[in-house]
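Take a moment to look at the whole fold before the details.

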Amino acid sequence: MILEGIVTTLGPDGSLNIAPMGPIVESPTLDRFTLRPYTSSTTYRNLKALGEGVLHVTDDVLMIARGAIGRLNDAPTRPADVVKGRILTSSCRYVEFRVTQLDDRDERTTIHCEAVARGTLRDFFGLNRAKHAVVEAAILATRTDFLHLPEILEQYDRFSVLIDKTAGPDEEKAFALLRDHVHAIARRRGVPIPGSSDVVVPRAVCIQTPSRLHFGPLAWGPEAGRRFGGVGLMIEQPGVELRAQRSDEWAITGMMGQRPRVSDFSSRVLFQLARKMDRARAMATHIHMDRAIPEHVGLGSGTQLGLAVARAITLLNGKGDLPVQRLAQLAGRGARSGIGILGFERGGLIVDGGHRASGAIPPLVARATLPDDWAVLVAIPTAPPGLHGEAERLAFRDLPPMPDSLSDRLCRLVLLGLLPAVAERDLPAFGAALVEIQSHVGDWFSPAQGGRFACPEVEQLARFLSDRQLHGVGQSSWGPALYAFDNGPPDRRDALLAELRDRFSLRPSRCFWTRASSSGASWESIDPLPTDLLASGH
């Protein structure tokens with residue numbers, strides 16, 4: 001069971017940190033419990049350094065709300081009885097604890113704790129629907145960086161009904177504090193707030209995107225009804241990162257090799273915008289590329305870059321945070337797969353429903369979030385680029401129609417294989433379904449690519465990964481990028497990475513572990529670009 005609480009810790013310098021946290025508990029006595037802070041958190045750093053803290057249980061939702069948004073450091077406290085720490089005097093009860101085991105090999109740590117002292121300060125007031133709504137709102141307020149912000153805003157609208165019906169003064173104040181915090185983030189990111197027509201026009205923005213793994217299409221041919229369809233996964237690395245700001249003239253700086261593509265997308269977006277608005281209102285933009293996805297290796301570089309450029313230009317031109325379908329139209333993406341477009345917006349494991357004859361962006365028919373402990377290996381062997389552009393169009397033109405029996409089998413593997421395996425956290429079953437999908441799709445692709453895989457180098461590397469007992473080994477899109485999954489210990493993954501790089505002479509940028517992206521692309525307002533970037537040329 002996860003219990004919502006507040007943990008106080010002290011830093012090596014004696015500074016107090018107060019953080020809402022949900023420990024995993026087994027009994028109401030809290031003799032032992034487990035904390036799961038991220039390695040980026042102050043709680044983790046303090047517990048690793050000193051190994052002591054205090055867990056609090058409270059019905060004071062105003063305190064929980066203030067803690068969720070970092071406004072609790074002035075709360076009244078007293079020294080702990082046994083450990084080096086502080087007790088929140090407005091809590092109901094507290095447990096002083098010491099760390100017995102700490103595992104920080106993953107980004108989200110596992111810290112086992114044991115109680116050494118406890119106390120009760122006051123009675124628990126009782127249950128109330130508004131209190132529960134504030135607790136849920138506080139949790140969402142801590143997750144605005146990796147959950148879909150429009151969905152958080154919709155949840156807040158639902159919570160407000162419970163607040164109006166059942167809240168007291170403290171619950172009302174707590175919810176208003178959280179709502180103002182989340183609305184401020186939404187305004188900064190240009191996300192529309194329900195019931196408000198305000199659009200914030202930032203001076204400069206930073207756009208970050210994930211990458212896309214494509215597991216395969218689900219249908220193809222003149223009689224298919226809905227063409228392509230598909231299943232794929234968004235991953236955190238590699239990704240696109242660009243900064244952009246309004247400027248006196250158009251400029252593209254940063255990664256030299258990416259500038260022609262950025263220029264092409266910018267021109268396309270500007271042309272599309274000019275059809276809807278006065279050209280004089282389309283402000284010139286300076287785009288600086290900080291990071292990019294390798295081109296034509298099967299990771300969806302074109303779609304992520306095109307959508308990022310479209311989002312930057314539209315935000316800076318006062319269009320707000322447009323729906324991803326509109327961004328795709330502006331950038332000219334989505335002629336075939338919808339995975340990268342839908343994943344740009346939401347992240348996760350994506351199933352798209354294919355195109356109608358009109359060529360509209362495919363609908364999202366299913367989405368799932370992979371477990372945190374499923375790591376994703378990406379390996380890009382030294383091999384020719386995968387099919388793209390006109391060569392890809394011609395390849396699909398010449399491929400035979402996908403038989404109904406094959407399409408039916410692929411759909412069954414997705415609906416009754418991949419998705420249930422994710423829901424049940426069953427990586428072997430997920431991997432088995434994915435390998436079968438890969439084999440069917442690879443065989444269907446073989447007339448265009450000469451075999452189940454893009455080339456012998458890719459096949460050799462795939463066989464190597466399968467022999468190492470990795471799950472779901474396959475080729476993303478036309479390759480040559482390969483993917484595989486593992487939920488074993490980090491030291492096993494590190495050893496495998498070293499072996500791969502040595503045996504296949506792969507640079508770190510061509511062979512690495514990453515994780516599924518659960519939230520898709522993000523953007524935020526930033527300070528204007530430094531002067532040295534503005535002067536660095538077109």
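The largest nonpolar core has 78 residues. A nonpolar core here is a set of buried Ala, Val, Leu, Ile, Met, Phe, Trp, Tyr and Cys residues joined through side-chain atoms within 4.5 Å. Buried means under 20% relative accessible area, exposed over 50%, and partly exposed in between (1.4 Å probe, protein chains only). The residues with the most contacts inside this core are F215, L233, L242, L349, L418, F430 and F485. Its largest share, nine residues, comes from α7. A second, separate core of 36 residues includes L88, A141, V191 and I193. In soluble globular proteins, nonpolar side chains tend to be buried together.

A word on the source. This is a predicted model, in which local features need pLDDT of at least 70 and side-chain atom pairs count only at pLDDT 80 or more, while totals for chains, interfaces and linings use all residues. Residues are numbered from 1 along each chain as its sequence is written, and side-chain values use heavy atoms, with hydrogens and water left out.

Now zoom in on L418. Which residues does L418 contact, leaving aside its neighbours within four places in sequence? They are F215, V231, L413, F430, A433, L434 and I437. Contact means heavy atoms within 4.5 Å.

Helices (H or I, at least four residues) and strands (E, at least two) are DSSP runs, numbered from the N terminus. Two strands pair if DSSP finds at least two bridges between them. Strand β12 (residues 230–235) is joined to β16 by four bridges, and the two run antiparallel. Strand β17 (residues 364–368) is also joined to β16 by four bridges, again antiparallel. Follow V351 across: its bridge partner in β17 is A366, and V351 is itself the partner of V231 in β12.

Next comes a loop. S517 lies between β21 (511–515) and β22 (522–525). At 6% relative accessibility, S517 counts as buried. Beyond its neighbours within four places in sequence, S517 contacts P210, M234, I235, E236, G347 and G348.

Turn to a helix. Helix α6 (residues 259–274) has 16 residues. It reaches 22 Å from its first C-alpha to its last, close to the 22 Å expected at 1.5 Å a residue (1.5 Å times one less than the number of residues). Its buried residues are R259, R261, V262, F265, S266, V269, Q272, L273 and A274. Their cover includes β14 (251–254), β15 (285–291), α7 (301–316) and α8 (324–331). An α-helix has 3.6 residues a turn, so residues three or four places apart point the same way.

Finally, step back. The protein chain has 15 helices and 22 strands. Its radius of gyration is 26 Å, close to the 24 Å that the globule rule gives for 538 residues, so the chain is as compact as a globular protein of that length. That radius is taken over C-alpha atoms, and the rule is 2.2 Å times the number of residues to the power 0.38. Of the 538 residues, 52% count as buried. Among contacts between residues at least 6 apart in sequence, 72% join residues at least 24 apart.
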